[in-house]
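Subject: Structure for you to look at

Hello,

Here is the structure I said I would pass on. Please open it first, then read the notes below it.

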Amino acid sequence: SSLSKSSLILAAQIKSSARREEHCCQRTKMDLEDAPQEDPDAGLSVGTVHAAFILSAAVAVALTFGKDLIKGKLSTNSDVGGQTPQFKAFQRTYLTVYLLMMAGDWLQGPYMYALYDAYGFKHEEIAALFVAGFGSSMLFGTVAGSLADTLGRKRGALAYVVVYAASCVTKHWRSYEVLMFGRVLGGIATSLLFSVFDSWLVAEHASRGFEPAWLSTTFANAQAGNSIVAILSGVFGEWIAGTTPMRVLVAGSTGGEDAAPDGAIMWGGYCLPFDAAAVFLLIGGFVIMTTWNENYGDTKQSSGADGLRESLTKGLLLLARDRRVLLVGLVCSCFEAAMYAFVFEWTPALTAANAPR
């Protein structure tokens, strides 16, 4: 009958629907089982690390600049603490340049070893590249100050921009010789960074007739801002390095994509933090060109080899006469040695197969 036929059809539909529901539930359960599960022993998650960085930067900003920001909002007096508006403008200009320069330096450090390793170089070869940079900084550092005093500190700052940006460009070559040349340029730039900018600030501060006591506030803000820039550079560098994988832009001698020092020109991946560093350096260079005055060192000092000899002689005599200067130099040398050893070893330590997670 038509009634019994309808009952059979209805029963078949219900049974089919139940089977589909059972299959759907089984598939969902399988998908959940196959999905990657978070390992509770894997350590901190990426989100936690980023949150810690952002929180650290926010606390540093609040502790360093919070008081001044509150005073600036609550008071219309532009001469807070006796500092004139002219000095405030001068200080902002210098800090803008200095922090851009430091951002260009901080962006490179975490990816130096990783880039060389991605290019297929051995640990010993990478060590030689690092030593070349440190060695060139040591050798050029003895004459960087004298040259800047003679040729001009503004020119020295612009030379830093050009040399360091050129060093960043060499990172695109999967060639040991080009990378070695880039490391030598990087060492020269480092010597300029830690000599030219401070000397320009001190001389310009004095030439504009600002109070000597105000100079310490500029140095304090520069160091505090440098810490914040270091944190932000780490977060930004990690993000930009992961935006696109590294690939061959211009094929080398082998014409392959595999990591091999064949002279190929690469793009993306670990190259991108160096490109970003070059951009920050060039922006800072433009600010230097448009806002900085030129100043020089002691014009009575001899130039050339005689001037270098005289400068070194004065330095050695000062070390012999003042024990405090010698101790400060030793402390700085030991600190720098420990830091550079850490910079070289931390990447392979973290990426080793048996590294703790």
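I begin with a surface feature: helix α12 gives the largest share of a nonpolar patch, four residues. This is a predicted model, in which local features need pLDDT of at least 70 and side-chain atom pairs count only at pLDDT 80 or more, while totals for chains, interfaces and linings use all residues. Residues are numbered from 1 along each chain as its sequence is written, and side-chain values use heavy atoms, with hydrogens and water left out.

The patch consists of L316, L318, L319, V325, L326, L327 and L330, and together they have about 570 Å² of accessible area. Patches are made of residues with over 30% relative accessible area and no salt bridge; like charges are joined within 9 Å, and nonpolar side chains (Val, Leu, Ile, Met, Phe, Trp, Tyr) within 5 Å. Areas come from the Shrake-Rupley method with a 1.4 Å probe, and for residues only the protein chains shown count as cover. Both α11 (304–321) and α12 (323–351) supply at least two residues of the patch. L318, in helix α11, is partly exposed because its relative accessibility is 44%. Buried means under 20% relative accessible area, exposed over 50%, and partly exposed in between (1.4 Å probe, protein chains only).

Now the overall picture. The protein has 12 helices and two strands; helices (H or I, at least four residues) and strands (E, at least two) are DSSP runs, numbered from the N terminus. Buried residues account for 32% of its 357 residues.

What does the inside look like? The largest nonpolar core has 32 residues, and Y94, V97, M101, Y160, F197 and W292 have the most contacts inside it. Several elements give two or more residues to this core, including α3 (85–106), α5 (123–151) and α6 (153–170). The most comes from α3, with nine residues. A nonpolar core is a set of buried Ala, Val, Leu, Ile, Met, Phe, Trp, Tyr and Cys residues joined through side-chain atoms within 4.5 Å. In soluble globular proteins, nonpolar side chains tend to be buried together. Leaving out residues up to four places away in sequence, V97 touches F197, G284, V287, I288 and W292; contact means heavy atoms within 4.5 Å.

Next, helix α9 (residues 215–241), where N226 is found. N226 counts as buried because its relative accessible area is 10%. Its side chain makes a polar contact of 2.7 Å with that of W106. A polar contact is a pair of N or O atoms within 3.5 Å; within protein, one must be able to donate a hydrogen and the other to accept it, and residues adjacent in sequence count only if both atoms are side-chain atoms. F219 lies in helix α9 too, but is partly exposed, at 27% relative accessible area.

Last, the charged pairs. How many salt bridges are there in the whole structure? A search finds four, a salt bridge being a side-chain nitrogen of Lys or Arg within 4 Å of a carboxyl oxygen of Asp or Glu. One of them joins R153 and D149 (2.8 Å, N to O); R153 is buried at 8%, whereas D149 is partly exposed at 25%. Another joins E294 and R155 (3.5 Å, N to O). This pair links distant parts of the chain, with E294 in the loop between α10 and α11 and R155 in helix α6, 139 residues apart.

Regards
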